[in-house]
Amino acid sequence: MTTQQTPTATTPTWTPPPVRRDEFDAPGDTAEPMGSRAVGLRVAGVDKTYATRRGDVHALSNIDLEVGRGEFVSLVGRSGCGKTTLLRVLSGLLAPTAGTVEAGERPAWVAGRRDDTVFAEFGLVFQEANLFPWFTVLDNVALPLKLRGVSKAQRRTRAAELCATVGLSGFEDSYPRELSGGMRQRAAIARALACDPSVLLMDEPFGALDAMTRDRMNLELQHIHAVSGTTVVFVTHSISEAVFLADRVVLLTPRPGRIRSVTPIDLPRPRSVEVEATAEFGELVVGLRRQLDEED
Ligand SMILES: Nc1ncnc2c1ncn2[C@@H]1O[C@H](COP(=O)(O)OP(=O)(O)OP(=O)(O)O)[C@@H](O)[C@H]1O
Ligand SMILES: [Mg+2]
């Protein structure tokens, strides 16, 4: 992992400011048992079966998971094991076939109907930034605020703050096509943060980026998480990325997706790239990789 980046005309040179330890006490840093911690998200007994023309696909089976408020959970597993399905169930885009989803102790589905007020507090980021090409960066970031009826002056101020948070100051008036892939993803993260989400759900948000940009985005995301205190569920194919970012790594087994293991990551925060050279980090990555290999 490296933080080196050569500044270019289109790449903002932004380094996340250091996070003071007292700014944010990540739940994973405490020995407090999960039961006594405020819950950000909870799924219980979740099953998901897709009905297709060629028959049913049992994608998730009996998923029980609690994510503490402000906690960062990474979700890993083989391709097709149900990570996206679980994230879509968590985000309210997909109804579970069975089981319950709660956000901040509130049920997300009541009698098969989605409670939109619960999901309004969620921010979503996918592999593709999905920005509107005809809107500037600022207007893209401000869009969720516009949809909520926030005044133009207020939403422009807030969107500019968010652009600064993700290192896009100076690019507010650029169009998505004028940005690099990493910058577009930052804009997508800023947009997801616009409504101060209590939960941020991210599905391989850096999967399409080159390795160096991805490393840098990991540092930035760590900082954003630390200062915002948002609950994060982060899907990735990269075990080292999962370990670097998370308070806990959840590993799913395929067909149907079940939780195989939950690994606490007790590495101190904030984490710098040097942590990846430590024996502790290496052992965590090797242990998780071994579990994945056992799936073959
Ligand atoms: N809309 C759908 N209709 C039918 N089957 C689906 C649908 N979406 C996903 N599936 C099936 O559900 C299973 C889990 O898919 P999912 O996309 O959740 O996996 P994933 O872990 O995100 O994979 P990847 O790492 O490749 O993104 C797969 O067998 C897939 O074929
Ligand atoms: Mg997926």
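Two residues are taken to be in contact if their C-beta atoms, placed from the backbone, lie within 7 Å. The views below show a predicted model.

**View 1. Contact of helix α5 with helix α6 in the predicted model.** From α5, the residues G181, G182, Q185, I189 and L193 take part, and they meet T213, M217, I224 and S228 of α6. By class, this contact holds four nonpolar and five polar residues, with no charged ones. Helix α5 covers residues 181-193 and helix α6 covers residues 211-228. Their axes come within 11 Å and cross at roughly 15°. Angles under 35 degrees count as roughly parallel, and α5 and α6 are therefore roughly parallel to each other. The crossing of the two helices, α5 and α6, is right-handed.

**View 2. Packing of helix α3 against α5.** Helix α3 spans residues 137-147. The axes of α3 and α5 lie 7 Å apart, and the helices pack at an angle of about 30°. This angle makes α3 roughly parallel to α5. The crossing of α3 and α5 is right-handed. On the α3 side the contact is made by V137, N140, V141, L143 and P144, and on the α5 side by A187, A190 and R191. Six of the residues in the contact of α3 with α5 are nonpolar, one is polar and one is charged.

**View 3. Packing of helix α3 against helix α4.** Helix α4 is formed by residues 152-165. Its axis is 9 Å from that of α3, and the angle between the two helices is about 125°. Angles of 65 to 115 degrees count as roughly perpendicular and those over 145 as roughly antiparallel; α3 and α4 are therefore oblique to each other. The crossing of α3 and α4 is right-handed. Helix α3 contributes V137, L138, V141, A142, L145 and K146 to the contact. Helix α4 contributes R155, R156, R158, A159, A160, L162 and C163. The contact of α3 with α4 divides into nine nonpolar and four charged residues, with no polar ones.

View 4. Strands β1 and β4 (residues 98-103) run antiparallel and are joined by five bridges. In β4, A103 is the bridge partner of L41.

**View 5. Residues around ligand 1.** The shell consists of Y50, T52, V57, A59, G77, S79, G80, C81, G82, K83, T84 and T85. Three elements, β1 (39-52), β2 (55-68) and α1 (83-91), each supply at least two residues of this shell. Helix α1 gives the most, with three residues. By class, the residues around ligand 1 comprise four nonpolar, seven polar and one charged.

Notes. Residues numbered from 1 in each chain as written. Chains lettered and ligands numbered in written order. Predicted model: local features only at pLDDT ≥ 70, side-chain atom pairs only at ≥ 80, totals over all residues. Near = placed C-beta within 6 Å. Helix = DSSP H or I, 4+ residues; strand = E, 2+ residues; numbered from the N terminus. Nonpolar A, V, L, I, M, F, W, Y, C, P; charged D, E, K, R; others polar. Axes fitted to C-alpha atoms, helices over the stretch in contact; angles between N-to-C directions. Left-handed = near helix turned anticlockwise from the far one by under 90°. Pairing = 2+ DSSP bridges.
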